[in-house]
Amino acid sequence: MAIDKVKEYFRQYGMEDRVQEFDVSSATVELAAQALNCEPCRIAKTLSFVVDGSPILIVTAGDAKIDNRKYKAQFGTKAKMMSPADTEAMIGHAIGGVCPFAVNDNVTIYLDESLKRFQTVFPACGSSNSAIELTIEELEQYSSFTIWVDVCKGWDE
């Protein structure tokens with residue numbers, strides 16, 4: 001299971017005990033916010049796309065939406081999310097548990113500016129009923145991200 005890969009990934013940093021598992025689903029922003037008893041905007045949702053045939057992940061705040069104009073300016077192509085089957089095959093996590101940890105080797109990870117307004121956020125951990133609370137600095141460190149991008153809208157209005 002992907003959550004086991006994520007726990008193993010965090011074990012090397014002595015952080016596997018910080019991974020939370022719930023008796024309820026956390027597969028959507030709303031469900032994750034309910035399970036964690038936090039505002040939906042603090043859920044760090046991880047979205048899967050393909051750019052030039054390669055898989056990418058963009059981690060955004062729970063209240064942010066992809067802005068097609070900004071996305072095209074950043075990546076030179078129209079935003080097209082992966083299918084659930086492609087996501088699991090190309091990223092290594094299934095929809096509902098996609099996260100920027102313990103992903104397949106060829107995945108490029110980006111963090112969206114919408115996250116920077118929070119001290120801590122809650123990304124999933126490879127399953128549809130898991131999360132971990134991380135500071136933005138920890139998210140940067142453990143996600144192996146490439147760069148910060150500004151490809152979202154709706155969060156700063």
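# Exercises on a predicted fold

Serine 144 counts as exposed because its relative accessibility is 53% (buried is under 20% relative accessible area, exposed over 50%, partly exposed in between; 1.4 Å probe, protein chains only). This model is predicted: local features need pLDDT of at least 70, side-chain atom pairs count only at pLDDT 80 or more, and totals for chains, interfaces and linings use all residues. Numbering runs from 1 along each chain as its sequence is written, and side-chain values use heavy atoms, leaving out hydrogens and water.

## Exercise 1. The buried side of α1

Which residues of helix α1 are buried, and what do the buried residues pack against?

*Step 1.* Helix α1 spans residues 2–11; its buried residues are Ala2, Ile3, Val6, Tyr9 and Phe10. They lie on the same side of α1, because their arc around the axis is only 115° (taken from the directions from the helix axis to the C-beta atoms).

*Step 2.* Recall the helix rule. With 3.6 residues a turn, an α-helix has residues three or four places apart pointing the same way.

*Step 3.* Find the partners. The buried residues of α1 pack against β1 (20–21), β7 (130–131) and α5 (136–143).

## Exercise 2. Rings

How many aromatic pairs does the structure hold? Describe the pair of tyrosine 9 with phenylalanine 10 and that of phenylalanine 75 with tyrosine 110.

*Step 1.* There are 10 aromatic pairs (rings of Phe, Tyr and Trp, the last by its six-membered ring, with centres within 6.5 Å; planes under 30 degrees apart are stacked, over 60 edge-to-face, the rest tilted). Tyrosine 9 and phenylalanine 10 pair edge-to-face, because their planes stand at 70°, with ring centres 5.4 Å apart.

*Step 2.* Phenylalanine 75 and tyrosine 110 are also an edge-to-face pair, 5.0 Å centre to centre with 75° between the planes. This pair joins distant parts of the chain, 35 residues apart: phenylalanine 75 is in helix α3 (residues 68–75) and tyrosine 110 in strand β5 (residues 108–112). Phenylalanine 75 and tyrosine 110 are both buried.

*Step 3.* Widen the view. One aromatic cluster is formed by Tyr9, Phe10, Tyr13, Phe101 and Tyr142.

*Step 4.* The charged end of lysine 116 sits over the ring of tryptophan 148, 4.6 Å from the ring centre (NZ of Lys or CZ of Arg within 6 Å of the ring centre and within 35 degrees of the ring normal).

## Exercise 3. Strand residues

Locate threonine 46 and alanine 61, then list the contacts of each beyond four places in sequence.

*Step 1.* Threonine 46 lies in strand β2, residues 43–51. Threonine 46 is buried, because its relative accessible area is 10%. Beyond four places in sequence, Leu57, Ile58, Val59, Val98, Cys99 and Pro100 are in contact with threonine 46 (heavy atoms within 4.5 Å).

*Step 2.* Alanine 61 is part of strand β3, residues 54–61. Its relative accessibility is 0%, so alanine 61 counts as buried. Beyond four places in sequence, alanine 61 is in contact with Cys41, Ile43, Lys45, Ser114, Leu115, Arg117 and Phe118.

Key: Helices (H or I, at least four residues) and strands (E, at least two) are DSSP runs, numbered from the N terminus.
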